[in-house]
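Welcome! Please take a look at the sequence and the 3D structure below before reading on.

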Amino acid sequence: MIIKDIEFIKGATRWEHLPVDGLPEVAFVGRSNVGKSSLLNMLAGRTKLARTSRTPGKTQEFNYYLVNQRLYFVDLPGYGYARISRTQRNRWGRFIGRYLTERVSLRAMFHLIDSRHRPTARDEDVMALMRESDVPYLVVLTKTDKLSGNQRARSRAEIEAVLEKAALEVPMIFTSARDKRGREELLGWIEDLAGGKG
Ligand SMILES: Nc1nc2c(ncn2[C@@H]2O[C@H](COP(=O)(O)OP(=O)(O)O)[C@@H](O)[C@H]2O)c(=O)[nH]1
Ligand SMILES: [Mg+2]
C-alpha cells in the first residue's frame, strides 16, 4: 500500500463523534510513550502528522486520519499514564470495549508494545479484550532500533510467552520510527485487512 495522502479529520472524545461514513478503519493502541505518534508519522512519511509528545497521556481522543480518501487510521488514547485517575481509566476501558464490539467498520487492532520492555499489566488487559473480540489483532513492537539481534530474539520470546498465556496466536511486526523498519510489512497488513489499495 502506498500512502498518497493522509489528512487529520477529527479528535473524537465521545461515541457520537466517531465518523459515520462507513469507511474501513484500523486502530492503533498502546501505553503512553510507546511510540504511537512516531509510528503513525513514519507510516505517513511525515514528521508532524501526529503529535509526538514529551508529556505522555495528554491525548484522550480518538484521532481519525483519512488515508487515500478510503480508510481511516485511528490513533487511540494511550493508557498506563500514572497521573490519570481510576475513573478515567475505567472510562477508557469501557469506551474501548464498546469500540471493539460495536464499531463495525473496524478492520484491525494494532497493539503497540515497546520492544525494550515486558508487556505491562495494562497491555495484558488489552490482550484479554482482544481474546474476546473477533477483530483481527496484531502486535507491533516499537523502537527496535534500540535492540541488538540477541535482544530482539529475547523480546520476541518474552512477548510470545505472554501472548501464549493469553491463548493468543498473533502476528508480530518489528518496527522502528527511527530507521523505518517494518514500514512495508505493516502497510501490507493494513492493505490486506482494510483494503487500502488504489
Ligand atoms: N529510538 C527510538 N525512539 C522512539 C521511536 N519511536 C518513538 N520514540 C521516542 O519515544 C518517545 C515517545 O514517542 P511518541 O511517538 O510521542 O509516543 P506516544 O506517546 O505513544 O505517541 C519520544 O521521545 C520518541 O522520540 C523509535 O522507533 N526509536
Ligand atoms: Mg502520541
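## About the model

This is a predicted model, in which local features need pLDDT of at least 70, side-chain atom pairs count only at pLDDT 80 or more, and totals for chains, interfaces and linings use all residues. Residues are numbered from 1 along each chain as its sequence is written, chains are lettered from A and ligands numbered from 1 in the order in which they are written, and side-chain values use heavy atoms, leaving out hydrogens and water.

## Helices H2 and H3

Let's begin with H2 (residues 86-102) and H3 (residues 121-131), whose axes come within 11 Å and cross at roughly 25°. Helices here are DSSP runs of H or I with at least four residues, numbered from the N terminus. Axes are lines fitted to C-alpha atoms over the stretch in contact, with angles from 0 to 180 degrees between N-to-C directions. H2 and H3 are therefore roughly parallel to each other, a term for angles under 35 degrees.

In this contact (heavy atoms within 4.5 Å), H2 supplies Arg89, Trp92, Ile96, Gly97 and Leu100, while H3 supplies Arg122, Val126, Leu129 and Met130.

## Helices H1 and H5

Now look at H1 (residues 36-44) and H5 (residues 183-194): their axes come within 10 Å and cross at roughly 85°. That makes H1 roughly perpendicular to H5, the term for 65 to 115 degrees. Leu39, Met42, Leu43 and Ala44 of H1 meet Arg183, Leu186, Leu187 and Ile190 of H5.

## Around ligand 1

Which residues come nearest to ligand 1? Of the 15 around it (a heavy atom within 4 Å), they are Asn33, Lys36, Ser38, Asp145 and Ala177.

A polar side-chain atom of Ser38 lies 2.6 Å from an oxygen atom of ligand 1. For Ala177, a backbone N or O atom lies 2.7 Å from a ligand 1 oxygen atom.

Key:
Helix = DSSP H or I, 4+ residues; strand = E, 2+ residues; numbered from the N terminus. Parallel < 35°, antiparallel > 145°, perpendicular 65-115°, else oblique. Polar contact = N/O pair within 3.5 Å; in protein donor to acceptor, adjacent residues only side chain to side chain.
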